[in-house]
Amino acid sequence: MRLPLLFPLLFISFFLSAQDSNYPALFLNEDLTQMANAVVRLDRTDIHIFSSKKMTVKSKQVVTVLNRAGDQHARTALGYDSSKIIKNLNVVVYDAAGRQIEKIKKKNFRDVNIVDGFSLYNDYRKLYYNYTPINYPYTVEFNYEYETSDTGAIPSWYFLGGFFASVEKSFYSITYAEPSLRPIIHEKNLENFKFEKNETNNSISYLAKNIPAVKRESMSPSFKRITPRLMTRIKNFHYKGFDGSVDNWAELGSWVGNKLLSGRDELSPETIAKAKALVAGVEDDLEKAKIIYKYVQENTRYVSVQIGIGGLQPIAAVEVDRVKYGDCKGLSNYTAALLKAVGVTAYYAVVEAGNDKVDFEDDFADLAQGNHVILCIPYNDKYYWLDCTSQILPFGYIGSFTDDRKVMVVKPDGGEIITTTAYVNEDNYQSIIATYELKADGSISGQTEVVTKGSKYNSHFRLEEETEEEIIRQIKNRWSSINNLTVANYHFENNKKDVVFNENISFSATNYASISGDRIFFIANAFNNRNIIPDRYRNRKLPFEIQRGYLDEDNSTIRLPEGYVVETLPSTKKIENEFGVYTVKFEHNEESNTVNYERRFFLEKGFYPKEKYKDYRDFRKEVASIDNAPIVLLKE
């Protein structure tokens, strides 16, 4: 008779046990688990600025990982260099009930060189511990404390750590020893965000609780653009052995040039003589720059070292010249030194690189912005941008990694915010001209010419570096709507001067068309028919962005099989709205027994409110429908 009481008693016992444990995962607020792969139970950072040359950062981050996709949010690594002394480091792992199952002390962490095997970067290291979960959910508590003399790069603060991760409690505080060290804090995207801010005569703190996860939606803007965050700096700072006092980008650029870059562009007399010999007889500065850039591409290799670890100061050009390798800072500085040797001006430029465009803040100058360095060459009232880490990019082409964003350019008279080359709208061009024959058995064969420019060039030109097997795989993937595709042969022409990539491809395919009785059904748009309709949302939360825009022009001439006539030919269409223009045209030439298909699709760059997403989706849905409209042939 007492058996039914057993289960409630067990539950109560388990509940009481969980109350005594750390961070039980079983009783999380449902509002925090919705759309979340991980829940940040606590994200706390306490910064103490004792002087312009001494700062400590103490952090505690506790993350409950709900599934495999949430593993990325459980941090267990810390990078450091000679200016950062790690005073404390440990990880504690808890099971779903909040019971401790593992504790990892600093001595158990692996201490590795971030760029092992490259002597110039031996000071750049990382302590990490790889934890392999057995069950989900689990919780990781990551604690660390370090002391640094680099007060010029104060950690920024993100109330949310990324898409699909909620936060139970977020706390950020800065304590400073005297008024001259009072931090300047730039608040971003806090307008509709609930938080507490407290200030005393020597501290500033922020607290936020119960922040639900943000779902990544189709065409969402970059997370940095929309998430609540804080950017922090102090006016009078110390960085990599140098003192500084900065209020704006002009002053910061002057400080970088006079302190971090000064004297690091020296080269040996032999190297200077070699650079001059390379450009002997060339008078035009741009042509000289092209020759030097090609030399760097052919004679150096890139080593990845993030600015956040290695700082902004490059390895001396003479050292890069000796070992023939460097990170983005070292290679950019080395290239600038070679250009200086032949009389060409080039500026060091710091950028936030990545597929998402992230601008430097016009009104907030600090060393924490940027993760990459490129070069800027002024010529005839225009700027040419060089990424010196690439061995294959054409001169002046930076692709989608650093295009169309505000960067800091270090000029002799100070820093300046300048926008890099923008590849937008018609600049991102693709032309496909195809001629193919449709046979009575549904197979096709013919040839195409594909021309790409702008950001579309970036996704095509690397084909020439691939193996034949990989080239064919990529072509088949690109034209996946063509069943049983066989690539007969191909030829590529990479015009680096004009930054245009040409592909000539001969092909054949069986069962491309569908046969039903006396009729053949086929789609004329065989080569640009991957229109993916954006996801549908009943209640979209975020704005959406068309980052670059593009223009596609397609023209196909299709020879029809003998003995068949056109029964149905899709009509000419034109759609025009704020997102772009789409036109399609079909013409049947009875004399030559061919169909000519013309398509033009222009998509315009733009940032749009969530309320317009349905209109955009309807536009793409209509385009996809027309692209898939079949031509119907009837046997005579």
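Predicted model: local features only at pLDDT ≥ 70, side-chain atom pairs only at ≥ 80, totals over all residues.
Helix axes are lines fitted to C-alpha atoms over the stretch in contact, and angles run from 0 to 180 degrees between N-to-C directions. In it, H6 and helix H9 (residues 328–341) pack at an angle of about 140 degrees. Their axes lie 10 Å apart. Angles over 145 degrees count as roughly antiparallel and those from 65 to 115 as roughly perpendicular; H6 and H9 are therefore oblique to each other. The crossing of H6 past H9 is right-handed. On the H6 side, the contact involves Ala-289, Ile-292, Tyr-295 and Val-296. These meet Tyr-334, Thr-335, Leu-338 and Leu-339 of H9. Seven residues of this contact are nonpolar, one is polar and none is charged.

H6 (residues 285–299) also packs against helix H5 (residues 269–278). The two axes come within 9 Å and cross at roughly 125 degrees. H5 and H6 are therefore oblique to each other. H5 passes H6 in a right-handed crossing. Lys-274, Ala-275 and Leu-278 of H5 make the contact with Ile-291, Ile-292 and Tyr-295 of H6. Five of the contact residues are nonpolar, one is charged and none is polar.

The second largest pocket holds about 1200 Å³ of space. It is lined by 36 residues. Closest to its centre are Lys-456, Arg-530, Tyr-550, Asp-552 and Arg-620. By class, the lining comprises 14 nonpolar, 14 polar and eight charged residues.

Notes
Residues numbered from 1 in each chain as written. Heavy atoms only, no water. Helix = DSSP H or I, 4+ residues; strand = E, 2+ residues; numbered from the N terminus. Parallel < 35°, antiparallel > 145°, perpendicular 65-115°, else oblique. Left-handed = near helix turned anticlockwise from the far one by under 90°. Contact = heavy atoms within 4.5 Å. Nonpolar A, V, L, I, M, F, W, Y, C, P; charged D, E, K, R; others polar. 1 Å grid on protein atoms, 1.4 Å probe; cavity = no way out; pocket = protein on both sides within 12 Å on 5 of 7 lines; lining within 4 Å. Points joined across faces, edges and corners; volume = space filled by probe spheres on them.
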